[in-house]
Amino acid sequence: MLTVLHFLADGLWILAMSLIASTSRGALKRVPTVAKMPMQWGKDGKPTWRLPRNVALGVMFGTPLVLGLALSAMSRLAVFDAQSAVIMFLLRTLLAGLFAVVCLTWLRGSLRTLEDEGVVSA
């Protein structure tokens, strides 16, 4: 039972990472190399800070990857009872979905901002 939960959580995390990777790859093709992608927007809807394209996409892919690998190793190496294993499974599945939604929402907002600025075409 505990092994099944571990593999199910890994599968969901892989699904989320593949979604993030495929959309990031599409953005990589659309956004010019010299463009700086918005990372955060202020209350007025204007970007407050930006990062170069490769760094921004790397951060948005690397953060969930590192966290996912750490959580996978933790759930594999630690000795859990059934209740702790279920809690770890739920945590991993929740975070996988959450990271996918956050990354896709950020990417959509970033591309819309760059389209409005005329950096990328629609």
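The secondary structure of the protein chain consists of three helices and two strands, where helices (H or I, at least four residues) and strands (E, at least two) are DSSP runs numbered from the N terminus. Along the sequence these elements follow the pattern α-β-β-α-α. The model is a predicted one, in which local features need pLDDT of at least 70 and side-chain atom pairs count only at pLDDT 80 or more, while totals for chains, interfaces and linings use all residues. Residues are numbered from 1 along each chain as its sequence is written, and side-chain values use heavy atoms, with hydrogens and water left out.

With regard to overall dimensions, the C-alpha trace of the protein chain spans about 55 × 30 × 20 Å along its principal axes. The radius of gyration of the protein chain is 17 Å, whereas a compact globule of 122 residues would have a value near 14 Å; the radius is taken over C-alpha atoms, and the globule rule is 2.2 Å times the number of residues to the power 0.38. The protein chain exposes about 7400 Å², of which carbon and sulfur atoms supply 69%, the accessible areas coming from the Shrake-Rupley method with a 1.4 Å probe. Buried residues make up 33% of the 122 residues, buried being defined as under 20% relative accessible area, exposed as over 50% and partly exposed as in between (1.4 Å probe, protein chains only). Of the contacts in the protein chain with a separation of 6 or more, 68% are between residues 24 or more positions apart, contact meaning heavy atoms within 4.5 Å.

Two packed helices are described by the angle between their axes and the distance between the axes. The axes of helix 1 (residues 2–30) and helix 3 (residues 82–116) come within 9 Å and cross at roughly 10°, the axes being lines fitted to C-alpha atoms, for helices over the stretch in contact, with angles running from 0 to 180 degrees between N-to-C directions. Helix 1 is therefore roughly parallel to helix 3, given that angles under 35 degrees count as roughly parallel, over 145 as roughly antiparallel, 65 to 115 as roughly perpendicular and the rest as oblique. The contact of helix 1 with helix 3 has 22 nonpolar, four polar and four charged residues, where Ala, Val, Leu, Ile, Met, Phe, Trp, Tyr, Cys and Pro count as nonpolar, Asp, Glu, Lys and Arg as charged, and the others, Gly among them, as polar. For helix 1 and helix 2 (residues 53–77), the axes come within 11 Å and cross at roughly 175°, so that these two helices are roughly antiparallel to each other. The residues of the contact of helix 1 with helix 2 divide into 14 nonpolar, six polar and three charged.

S72 lies in helix 2 and counts as buried, because its relative accessibility is 16%; leaving aside neighbours within four places in sequence, S72 is in contact with H6, D10 and R92. In helix 3, S110 is likewise classed as buried, at 0% relative accessibility, and touches M37, P38 and W41 when residues up to four places away in sequence are not counted. T105, found in helix 3, is partly exposed at 40% relative accessibility, and its C-alpha atom is separated by 18 Å from that of D44, 61 residues apart along the chain.
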